[in-house]
Amino acid sequence: MTESAQTPKHSRIDDIQGLGLGVFLCGIGLHILTHVGLITGQTAGLAVIISYLSGWSFGAVFFVLNIPFYVLAYRRLGPAFTAKSLLSVTLLSVVTELLPHGWQMGTIEPWLGAVIAGCVTGVGLIVMFRHNGSLGGFGVLGLIIQDTTGFRAGYFQLIVDAILFGVAFFILPPHLVIWSLLGAVIINLSIAVNHRPDRYVAR
């Protein structure tokens, strides 16, 4: 029996609910993160920093920042991947715009906000990854660099995060950057430990 015959497949409905759930969880994580004044990594982190500095909404900034990456994704990774990325980014932008209108949070200590946001976002990203979803941005660029040069996408993303957190030290109080790093570590550990192809075989 071939591998493709043995491997269970996600239906279109499976993918829709998976991407929807993943995006919603990531939106909750970002809502908590920005409520306590923290940042995160990758394109979302850049959008958060620009939002803090400009006063523009995160959702609008995040959507605009991703536009150039759609072109790259379409040319190098195909229309299906691009369509899922576009849908996911658009939904996340909408979710992060709507959540503050229906959920006004009280006081949360920054360290606890980092832990909650890291856990929720990590789970959300795992759900998205298991349905071949993406939030676009630097992740797309990392995959393209890996395919064309062999330089690993993970290392590229680490470099991007190092730059973002380095910049954050100049615009945020140091303790908030440190708690932001805690949240980023929780996200990455959650993905590394729980999202393993040898344990999860559905496609």
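The lining of the largest pocket splits by class into 21 nonpolar, 19 polar and one charged residues. Bear in mind that this is a predicted model.

That lining comes to 41 residues, and Gln42, Leu125, Phe129, Gln157 and Ile191 are the ones nearest the pocket's centre. Where do the lining residues come from? Helix 2 (12-35), helix 3 (42-54), helix 5 (79-102), helix 6 (110-129), helix 7 (138-149), helix 8 (153-168) and helix 9 (174-194) each give two or more. Helix 9 provides the largest share, seven residues.

Then there's the second largest pocket. Its lining has 13 residues, and Thr34, Ser51, Phe58, Thr96 and Pro100 sit closest to its centre.

| Pocket | Volume | Lining by class | Largest share of lining |
|---|---|---|---|
| Largest pocket | about 1100 Å³ | 21 nonpolar, 19 polar, one charged residues | helix 9, seven residues |
| Second largest pocket | about 180 Å³ | five nonpolar, seven polar, one charged residues | helix 2, four residues |

Now for the packing. The largest nonpolar core holds 45 residues, and the members touching the most others are Leu30, Ile39, Phe58, Phe62, Leu92 and Leu135. Helix 2, helix 3, helix 4, helix 5, helix 6, helix 8 and helix 9 each put at least two residues into this core, with helix 2 giving the most, eight residues. As a rule, nonpolar side chains in soluble globular proteins tend to be buried together.

Leu30 is worth a look up close. Setting aside neighbours within four places in sequence, Leu30 is in contact with Thr40, Ala44, Val48, Phe58, Leu92, Thr96 and Thr121. Two of those partners, Phe58 and Leu92, are also on the list of core members that touch the most others. Phe58 and Thr96 turn up again among the residues closest to the centre of the second largest pocket.

Last, the cysteines. How many disulfides are there? The count is zero.

How values were computed:
Residues are numbered from 1 along each chain as its sequence is written. This is a predicted model: local features need pLDDT of at least 70, side-chain atom pairs count only at pLDDT 80 or more; totals for chains, interfaces and linings use all residues. Side-chain values use heavy atoms; hydrogens and water are left out. On a 1 Å grid over the protein atoms alone, a cavity is a set of points where a 1.4 Å probe fits but cannot get out, and a pocket is an open set with protein on both sides within 12 Å along at least five of seven lines; lining residues have an atom within 4 Å of a point. Grid points are joined across faces, edges and corners, and a volume is the space filled by probe spheres set on the points. Ala, Val, Leu, Ile, Met, Phe, Trp, Tyr, Cys and Pro count as nonpolar, Asp, Glu, Lys and Arg as charged, and the others, Gly among them, as polar. A nonpolar core is a set of buried Ala, Val, Leu, Ile, Met, Phe, Trp, Tyr and Cys residues joined through side-chain atoms within 4.5 Å. Buried means under 20% relative accessible area, exposed over 50%, partly exposed in between (1.4 Å probe, protein chains only). Contact means heavy atoms within 4.5 Å. A disulfide is a pair of cysteine sulfur atoms within 2.5 Å.
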